[in-house]
Amino acid sequence: MTRWSIRKVLDDLWHLPGRAFTSGPGALRTLLARRGITFQRTKTWKGSLDPDFDAKLDRIE
């Protein structure tokens, strides 16, 4: 089973050399849904008051 998030896919698409993917998360969800690809939001018990928490969590997701 492969696990990914919309945020991670978008980050990868935005950084592809020679690609001009400029759509946001809503457009990507719509595109995936049209092709029968579904996802579930990542659930975590982790939380923090650290202002850099999301950036740090992205590195380990």
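Predicted model: local features only at pLDDT ≥ 70, side-chain atom pairs only at ≥ 80, totals over all residues.

Biologist: What makes Ile-6 count as buried?

Modeller: Its relative accessibility is 7%. Buried means under 20%, so Ile-6 counts as buried. Across the protein, buried residues make up 10% of the 61 residues.

Biologist: Where is Ile-6 found, and what does it touch?

Modeller: Ile-6 is in helix α1. Leaving aside residues up to four places away in sequence, it touches Pro-25, Leu-28, Arg-29, Leu-32 and Phe-39. Take Arg-29: it sits 23 residues from Ile-6 in sequence, yet their C-alpha atoms are 7.5 Å apart.

Biologist: Why is α1 called roughly perpendicular to α2?

Modeller: Helix α1 covers residues 6-14 and α2 covers residues 25-34; their axes come within 10 Å and cross at roughly 100°. Angles of 65 to 115 degrees count as roughly perpendicular, so that is the label α1 and α2 get.

Biologist: Which residues meet there?

Modeller: From α1, Ile-6, Val-9, Leu-10 and Leu-13; from α2, Pro-25, Leu-28, Arg-29 and Leu-32. By class, that contact has 7 nonpolar residues, no polar ones and 1 charged. Arg counts as charged, so Arg-29 is the charged one among the residues that meet.

Biologist: What about Gly-24: where does it lie, and why is it called partly exposed?

Modeller: Gly-24 lies in the loop between α1 and α2. Its relative accessible area is 25%. Buried would need under 20% and exposed over 50%, so Gly-24 is partly exposed. From Gly-24 to Ile-6 is 18 residues in sequence and 9.5 Å in space, C-alpha to C-alpha.

Biologist: How do you know that Asp-50 and Lys-56 meet in a salt bridge?

Modeller: Their side chains come to 2.5 Å, N to O. The rule asks for a Lys or Arg side-chain nitrogen within 4 Å of an Asp or Glu carboxyl oxygen, so the pair qualifies as a salt bridge. By this rule the count is 1 salt bridge.

Biologist: What are the relative accessible areas of those two partners, Asp-50 and Lys-56?

Modeller: Asp-50 has 26% and Lys-56 has 38%.

Methods: Residues numbered from 1 in each chain as written. Heavy atoms only, no water. Axes fitted to C-alpha atoms, helices over the stretch in contact; angles between N-to-C directions. Helix = DSSP H or I, 4+ residues; strand = E, 2+ residues; numbered from the N terminus. Parallel < 35°, antiparallel > 145°, perpendicular 65-115°, else oblique. Contact = heavy atoms within 4.5 Å. Buried < 20%, exposed > 50% of the residue type's maximum accessible area, 1.4 Å probe, protein only.
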